[in-house]
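Subject: Handing over the structure

Hello,

Here is the structure I promised to pass on to you. My notes on what turned up in it follow below.

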Amino acid sequence: MTDDDGFGAPGTFGGVIPTPALDRIAKAGLRYTNFHSTSLCSPTRAAIITGRNHHSVGFGVVGEIATGYPGYDSIIPVEKGTIGAILKHNGYSTSWFGKDHNTPFFANSQAGPFDQWPTGMGFEHFYGFVGGDASQWQPNLFLDTTPIFPFQGNPGWNLTTAMADEAIQHIRQLKALAPDKPFLVYYVPGATHSPHHPTKEWIDKISAMKLFDQGWEKLREQIFANQKRLGVIPANTQLTPWPAELPKWDSLSAVQKKIVTRQADVFAAYTAYNDHEIGRVIQAVEDMGKLDNTLIIYINGDNGTSSEGSMMGTPNTMTVYNGVLELPELEYLRYYESWGSDATYPHMAVPWAWAFDTPFKWVKQVASHFGGTRQGMAVSWPGHIDDVGGIRTQFHHVIDVVPTILEAAG
């Protein structure tokens, strides 16, 4: 499951950003177009690992603003075990790679306690970061419960690639040591949550495609047309109107257009880069000869695209979190070339987030319209799905994932 990525972002669901790994799963299995999240990170993640409503497992809100009240305390009760705990006790190897936004913040350091860390919740191996976001260049990275610093003295290191490397190494080792042991891999990268940190190679590759030069309104129209062509929205769908609160593309100066186009290029590069690395993990499963016996559930986003970047975006999303919503134009230009590098902690302008949630209204954090809650999902399971390449339109929610895995596993 990716992070903060709207329904209309990936090419698999009509977007303009290439996502061949997601395409691969969709073509080998099914696309789901009526699959829903909670519109927030921690709640969706609590629901997807327990199969229960997020309030019933302590995550009515994100962990950062947990309180002592029932349903909001960020503590998953032990009697409401995770998919990791259930499968581990039934002979599976269980692992978690990427973002952990379900460890209470009072316990998220190496002082513990560790019962609410992945390794305390049924996942035997954890490689990732604790909290809502992390730099991909210098993350707060843990191996199980030990902080590690592989990026030190290693220029060019990026967590998006390192995480795929770690997952591939893990499943290869498992095959060598216990080839018949079944495994669960919970793979949840930080992409595309801010900070948007793809490599320069991916930024250059996507920028050369000129995907966003026509602006956000034209992007919505293009995505909308693609979605109808692909059949991921009904033929009679009406595109939601552009909100008066968001600036129109033609109201921007030439310099402003240049600034925000760079932001979209970097976000798209991050999306494509992340999908590429997920594709490497999938390919490793095939190379081991296990793809035909593996159920793969690929969910695009734990909620809609994020609007936390302010109307003009920001080179450092911490400015927005601290209430600074406008920066001098010179600040954007100072970071134009380095946008996405370790010199920035960037986020994109709100109108891009709205466009990437096409055809719906609203964005992440707004649960009243589908822009916050509708996620594209693809599922493959060779030999078990007869309608290969089909589309499923019935309502699903993240709480349906665990019972589906349990039924599939018998």
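In these notes, contact means heavy atoms within 4.5 Å. Please keep in mind throughout that this is a predicted model.

Let me begin with Thr2, which sits in the segment before α1 (20-28). Is Thr2 buried or exposed? With a relative accessible area of 2%, Thr2 counts as buried, because the cut-off for that class is under 20%. Leaving aside neighbours within four places in sequence, Thr2 is in contact with Arg45, Ala191, Asn274, Ile278, Tyr298, Ile299, Asn300, Gly301 and Asp302. With Gly301 there is also a polar approach: a polar atom of the Thr2 side chain lies 2.7 Å from the backbone nitrogen of Gly301.

How many cavities of 30 Å³ or more does a search of the whole structure find? The search finds one, and the volume of this largest cavity is about 50 Å³. Its lining consists of Thr2, Asp5, Pro10, Thr19, Leu22, Thr192, Thr271, Asn274, Asp275, Tyr298 and Asn300. Two or more of the lining residues come from each of α7 (254-287) and β7 (296-300), and α7 gives the largest share, three residues. Sorted by class, the cavity lining has six polar, three nonpolar and two charged residues.

The largest pocket holds about 1,000 Å³ of space. It is lined by 35 residues, and the closest to its centre are Leu184, Val185, Thr294, Leu295 and Ile296. The elements that supply two or more lining residues are α2, α3, α4 (159-177), β6, α7, β7 and α12. Which of them gives the most to the pocket lining? That is β6, with five residues. As for the classes, 30 of the pocket's lining residues are nonpolar, two are polar and three are charged.

Strands β2 (residues 93-100) and β3 (residues 125-130) run parallel and are joined by six bridges; Lys99, for instance, has Phe129 in β3 as its bridge partner.

In the loop between β2 and β3 you will find Phe114, which is partly exposed at a relative accessible area of 30%. Its C-alpha atom is 8.6 Å from that of Thr103, eleven residues away along the chain. Beyond its neighbours within four places in sequence, Phe114 is in contact with Ser109, Gly120 and Thr145.

Best wishes, and happy exploring!

Definitions and conventions
Residues numbered from 1 in each chain as written. Predicted model: local features only at pLDDT ≥ 70, side-chain atom pairs only at ≥ 80, totals over all residues. Heavy atoms only, no water. Pairing = 2+ DSSP bridges. Helix = DSSP H or I, 4+ residues; strand = E, 2+ residues; numbered from the N terminus. Buried < 20%, exposed > 50% of the residue type's maximum accessible area, 1.4 Å probe, protein only. Polar contact = N/O pair within 3.5 Å; in protein donor to acceptor, adjacent residues only side chain to side chain. 1 Å grid on protein atoms, 1.4 Å probe; cavity = no way out; pocket = protein on both sides within 12 Å on 5 of 7 lines; lining within 4 Å. Points joined across faces, edges and corners; volume = space filled by probe spheres on them. Nonpolar A, V, L, I, M, F, W, Y, C, P; charged D, E, K, R; others polar.
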